[in-house]
Amino acid sequence: MTSAVPSFELLAGAAGSPVILHVPHSAREIPAEVRAGIVLGDAELERELDHITDSHTARIAEEAAGLAGVRPWRFVNRLSRLVVDPERFPDEREEMRAVGMGAVYTRTTHREVLRDDDLDPEPLVERYFRPYARAMTEAVRERLAAVGRAVVVDVHSYPAEPLPYELHGAGPRPPVCLGTDSFHTPPELLATAREAFSKAGETGLDSPFAGTYVPLEYYGREPRVSALMVEIRRDTYMSEPGGPAGAGLPRLASALAALVDAVS
């Protein structure tokens, strides 16, 4: 684990592409200074990373980008979500604060202590969360300026069996869950995604995870920014909880590429 790893990376796509594949939870890296504030032992931390990391989703996005006729842009988090979770609201709007998993986690996937309760999250928010948010906002702004619209596709994964931290884990767990937003997910984008992923298995809607990621500057106010979350059930492409990718990964990358091309 090293602090030399950059916090995030924007990988260029085609100049005329509106698509940003956003990969926020694929990394396991934790800077040493952040590791010092996590109370888990090394073996416990590795196990937690197995559960919390959306393993191989950066590879799915990379392969999809290579297959797409119009190469999408990719915004990839290079640090673990245990540093900060860039997709959480950084304030009281975040419902996951109820289980100690706001922008800065204090509890694990099994609701055990990750950080001391008296931790001040602000230094981590300032150092990692806000720069990430600013960079993602700028990436969307550039797509709007270049092509007049932006399509943010979140690339996530989730376990076949619910983990204790999940607030809505009792519902369906399809091979592919599509998370939507009432403002930013137009019906045609959802229909296109259902068609693209139909060859990869059944698709479901907003269960076990719902919503999308849109930079707060545009959230609920800019209709030219559309967004969709793609949650892939891990047993369809990898060995759980944190094992290697399997034969299902290319099929999912191909489906994602089909979605990219259809909306480009």
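The points below describe the fold, charges and backbone exceptions of a predicted model.

1. Secondary structure. The protein chain holds six helices and seven strands. Their order along the sequence is β-β-α-α-α-β-α-β-β-α-β-β-α. Among these elements are helix H4, residues 122-147, and helix H6, residues 248-263. Strand S7 covers 225-233.

2. Overall dimensions. The radius of gyration of the protein chain is 17 Å; a compact globule of 264 residues would have a value near 18 Å, so the two agree. The C-alpha trace spans about 45 × 35 × 35 Å along its principal axes.

3. Packing and surface. Of the 264 residues in the protein chain, 54% are buried. Among contacts between residues at least 6 apart in sequence, 80% join residues at least 24 apart. The chain exposes about 11,000 Å², and carbon and sulfur atoms supply 52% of that area.

4. The protein chain carries 28 positive and 40 negative side chains. The centres of the two sets lie 4 Å apart. Side chains of opposite charge can pair when their charged atoms come close. The count of salt bridges comes to 18.

5. Aspartate 50 and arginine 28. These two side chains form a salt bridge with an N to O distance of 2.9 Å. The pair links distant parts of the chain, 22 residues apart: aspartate 50 sits in helix H2 (residues 42-52), and arginine 28 in the loop between strand S2 (19-23) and helix H1 (32-35). Aspartate 50 counts as buried because its relative accessible area is 16%, under the 20% cut-off. Arginine 28, at 26% relative accessibility, is partly exposed.

6. Other salt bridges. Arginine 130 pairs with glutamate 122, and their closest N and O atoms are 2.5 Å apart. Arginine 130 is partly exposed, with a relative accessible area of 30%; glutamate 122 is also partly exposed, with 34%. Aspartate 91 and arginine 93 meet in a salt bridge of 2.8 Å, N to O. Arginine 93 is partly exposed at 46% relative accessibility.

7. Salt-bridge network. Which residues are linked in a network of salt bridges? They are Asp54, Arg81, Asp85, Arg88 and Arg234.

8. Cis peptide bonds. Most residues other than glycine have a negative phi, and most peptide bonds are trans. The bond from serine 207 to proline 208 is cis, with omega near 15°. Proline 208 lies in the loop between strand S6 (203-205) and strand S7 (225-233). The bond from glutamate 240 to proline 241 is also cis, with omega near 5°. Proline 241 lies in the loop between S7 and helix H6 (248-263).

9. Positive phi. Aspartate 206 is not a glycine, yet its phi is positive, about 55°. The residue is in the loop between S6 and S7, the loop that also holds proline 208. Aspartate 206 is partly exposed, with a relative accessible area of 28%. Arginine 111 likewise has a positive phi, near 65°. Arginine 111 is in the loop between strand S3 (73-77) and helix H4 (122-147) and is partly exposed, with a relative accessible area of 44%.

Technical notes. Residues numbered from 1 in each chain as written. Predicted model: local features only at pLDDT ≥ 70, side-chain atom pairs only at ≥ 80, totals over all residues. Heavy atoms only, no water. Helix = DSSP H or I, 4+ residues; strand = E, 2+ residues; numbered from the N terminus. Rg over C-alpha atoms; globule rule 2.2 N^0.38 Å. Buried < 20%, exposed > 50% of the residue type's maximum accessible area, 1.4 Å probe, protein only. Contact = heavy atoms within 4.5 Å. Areas by Shrake-Rupley, 256 points an atom, 1.4 Å probe, with all protein chains shown as cover. Lys, Arg positive; Asp, Glu negative; His and termini not counted. Charge placed at Lys NZ, Arg CZ, Asp CG, Glu CD. Salt bridge = Lys/Arg side-chain N within 4 Å of Asp/Glu carboxyl O.
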